[in-house]
Amino acid sequence: MNAPRAILFDKDGTLVDFDHTWGPAAGAVMRRLAGDEGETLERLFHASHYVAHERRFLQTSPLIAGSSRQYGPLWAEILTRVADAAFYHQVDLLFCEEGERFLTPIGRPAETLARLHAFGLPLGIATNDAEPNARLQADRLGLSPYLSAVYGHDSGYGSKPAPGMVQAFAALTGLPPAAIALVGDTRHDLETARAAGAMAVLVRCGPAPVDDFAHEADLVVDTVEELAALILGAAEVQVALA
């Protein structure tokens, strides 16, 4: 894989620890939505493939890679609510509040992004989370100074695996999609990169293994720190050989 000239990062499972952040946060959101209706809460847990006593998702959960627009209709049906913009907004707002409360990074992402930013790479986030929540979490983790863009499912470019977020970043940076790496932990991220014609980089630090489709990626690393080390190390070698 050629060195990327810009990088878009998925958020959850890539920069943010999915299990430690969204495991407890999702349980809290479902409890707030269901209220005192114990049977309704259990149905939400079951539909979300959520193990309540362990505060974690099964790898088959639709919430791991999906947005509220994707799993929301199922939740609305269970709650006997209308699956409309108001409901999705409420879900996103609750996740924003609970996600901030339990926010846990993977490693030291601010240090890693700072190094890549100093190297001159435009950086962004492309997530199926809502943009306001993504921006809030990026700010809390100290990532905002290094980001040229933050895209969520509600930013107007579609949700992954559609290519819109990558295309928007390409337009913003003036770079062709082939010069941009999309870094993520799910097949959605891989398919988004492929649909946009971008480089596909998978990380192994998400909640589900990537082994079944790792061979389809341009590069597989354990963490974003490892990716940064590869990019910056290669650049240092080129300078030394020049």
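A: Buried means under 20% relative accessible area, exposed over 50%, and partly exposed in between, with a 1.4 Å probe and protein chains only. Helices (H or I, at least four residues) and strands (E, at least two) are DSSP runs, numbered from the N terminus. This is a predicted model, in which local features need pLDDT of at least 70, side-chain atom pairs count only at pLDDT 80 or more, and totals for chains, interfaces and linings use all residues. Residues are numbered from 1 along each chain as its sequence is written, and side-chain values use heavy atoms, leaving out hydrogens and water.

Q: Which residues of helix 6 are buried?

A: In helix 6 (residues 131-140), the buried residues are Asn 133, Ala 134, Leu 136, Gln 137 and Ala 138. Their cover includes helix 1 (18-34), helix 4 (85-102), strand 4 (123-126) and strand 5 (149-151). After helix 6 comes Gly 142, with a positive phi near 75°.

Q: How many aromatic pairs does the structure hold?

A: A pair of aromatic rings is described by the distance of the centres and the angle of the planes. Rings of Phe, Tyr and Trp (its six-membered ring) pair if their centres lie within 6.5 Å; planes under 30 degrees apart count as stacked, over 60 as edge-to-face and the rest as tilted. The structure holds 10 such pairs. Phe 18 and Phe 57 form a tilted pair, because their ring centres are 5.6 Å apart and their planes lie at 50°. Phe 18 belongs to helix 1 and Phe 57 to strand 3 (residues 56-57), so the pair ties together parts 39 residues apart in sequence.

Q: Which residues do ring pairs link into a cluster with Phe 18?

A: The cluster comprises Phe 18, Phe 45, Tyr 50 and Phe 57.

Terms used:
Contact = heavy atoms within 4.5 Å.
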